[in-house]
Amino acid sequence: MDYDLIVIGGGPAGMLSAATAAAKGLNVILLEKNEKLGKKLYLTGKGRCNVTNYGDINDFFDNVTTNPKFLYSAFKSFDNYGLVELLNSLGVPTKVEQGNRVFPASDKSSDVIKALQKHLQKNKVEIELLIKVKKITFQNKQVTGVFLNSGEQITAPKVIIATGGMSYPQTGSTGDGYSMARQLGHTIKAPKPALIPLVIKENWVKKLQGLSLKNVSIKALLNNKVKAEQFGEMIFTHFGVSGPIILTLSSLIRDYIAESTNKPVQLFIDLKPALTLEQLDARLQRDFNKFSGKQLKNALDDLLPQKMISVVLYLSGINIHKQVNQINRNERLLLAHTLKNIPMTVTGTRPLSEAIVTSGGINVKEINPSTLESKIIKGLYFAGEVIDVDALTGGYNLQIAFSTGFLSGVSAAEA
Ligand SMILES: Cc1cc2nc3c(=O)[nH]c(=O)nc-3n(C[C@H](O)[C@H](O)[C@H](O)COP(=O)(O)OP(=O)(O)OC[C@H]3O[C@@H](n4cnc5c(N)ncnc54)[C@H](O)[C@@H]3O)c2cc1C
């Protein structure tokens, strides 16, 4: 055999699995089809890399949206504190921000990539770039190596598939691992977008393109029942809505979006969640006294961003040209109600290529959670987003990649 272990994919999961197995004495080769390692990692956290979350283990289970229990051993073998310690030891100090989000102190994802490269080199992993694996070879249900696109074969008794999901395909994550695993008898849960912007039916959202709203609350309803609620920041786009709370909502309501073609999910934005309806009415009365000589459309500047005013008035149905002193109590209450219930209809999500993560992937029932070895083919392991696991924003997805990378590396070395 050419090597003890072949790792396919040089993202966070593949890099950590290769370095971990090599540190335990295996002769490891890491194959990456791009010209450099960690192309997607480079984009994470808008280039700042929200590498993990500093909350406790229960937060992790609460924030994993698909198959949290499957990840128990992986998180136990290498947790968020272990990752921070490793990065620190590789010369990358970290900092904790709002919501326990951990970033490199430099705010540079490239520093995390450099640290992982250092870890690989220190442990003498052979790194081959611009090498695309075509398929995995096996005999008698035991891995024997890989075939490359070039027609070449590399042999090893163990292979880790760490090829990622299918989102942002320009970074190399094009779902290759799914077809490799399928050829070996594995089943794949259909890949779908998760953490994805939402497409909205109403045309007025286009007028607000580029407007971001902070400290708003959004409820998602199906058949008049609240299915999820989020508080924080969002942004209007040319197709609908995006931003942190929308991405999170998209994961929480994805089943309802999928099943609701003729009964769509409704979103309601509360622009003033800190105020009750009564408090908001009192606030409107104060503003109306201040601006009593003005037209209504010029009397809401203290309360709303300029772009939002005409939309709110349009949705409330109140004549925007009315003088403030002509507004009666019912109209004022209607306005307050609209400010707390801006309605939008979800018609779908943006495509998988634009998702932050892929939900779906290798069926976890076919993977041993304690080792991440395939239950079908001996010597075959999985790590990272290629597995049917995904989480909310906050550093949880990268921690999944690192924890499963670590556990698969240790398991391959100890098997
Ligand atoms: C814009 C964006 C921002 C994000 N920000 C964050 C964040 O701040 N925090 C967070 O926790 N998560 C974030 N994520 C999610 C996170 O980046 C992924 O969950 C993580 O990168 C998955 O790691 P992975 O190693 O499993 O796969 P990937 O990072 O996708 O790596 C897979 C690698 O395998 C290679 N490969 C694929 N097929 C082959 C083949 N046939 N032969 C050889 N090589 C192959 C690919 O080229 C790629 O380099 C973000 C994602 C995106 C798109």
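Reader: Could we start with a pair of strands: in which sense do β5 and strand β6 pair, and over how many bridges?

Author: Happy to take you there, and please keep in mind that this is a predicted model. Strand β6 covers residues 101-104, and its pairing with β5 is antiparallel, with 4 bridges between them. To find this pairing on your screen, look for V96, which stands opposite V102 in β6.

β5 and β6 belong to an open sheet of 3 strands, and its order is β3-β6-β5 with antiparallel pairing. β3 (52-53) and β5 (94-97) stand at the edges with a single partner strand each, so one side of each has no neighbour in the sheet. As background, the strands of a sheet are held in pairs by backbone hydrogen bonds, and the pairing can be parallel or antiparallel.

Next, where does this sheet sit in the chain? The domain assignment gives two parts: domain 1 is made of 5-194 + 355-414, and domain 2 spans 197-349. Their C-alpha centres are 40 Å apart. Where they meet, 8 residues of domain 1 are in contact with 6 residues of domain 2. On the domain 1 side, strand β12 (residues 188-194) gives the largest share, with 3 residues. That side of domain 1 holds 4 nonpolar, 3 polar and 1 charged residues.

For a look at helices, go to α12 (residues 306-316) and α13 (residues 329-339). These two pack at an angle of about 115°, and their axes are 9 Å apart. Their crossing is right-handed. From α12, the residues V312, L315 and S316 meet L334, L335, T338 and L339 of α13. This contact is made of 5 nonpolar and 2 polar residues, with no charged ones.

Finally, let's visit the ligand. There are 38 residues around the ligand, and G9, G11, G164, G172 and G384 come nearest. Three helices, α1 (12-23), α2 (39-43) and α14 (396-414), each supply at least two residues of this shell. By type, the shell contains 15 nonpolar, 16 polar and 7 charged residues.

Conventions: Residues numbered from 1 in each chain as written. Predicted model: local features only at pLDDT ≥ 70, side-chain atom pairs only at ≥ 80, totals over all residues. Axes fitted to C-alpha atoms, helices over the stretch in contact; angles between N-to-C directions. Left-handed = near helix turned anticlockwise from the far one by under 90°. Contact = placed C-beta atoms within 7 Å. Nonpolar A, V, L, I, M, F, W, Y, C, P; charged D, E, K, R; others polar. Domains from an automatic or database assignment. Pairing = 2+ DSSP bridges. Near = placed C-beta within 6 Å.
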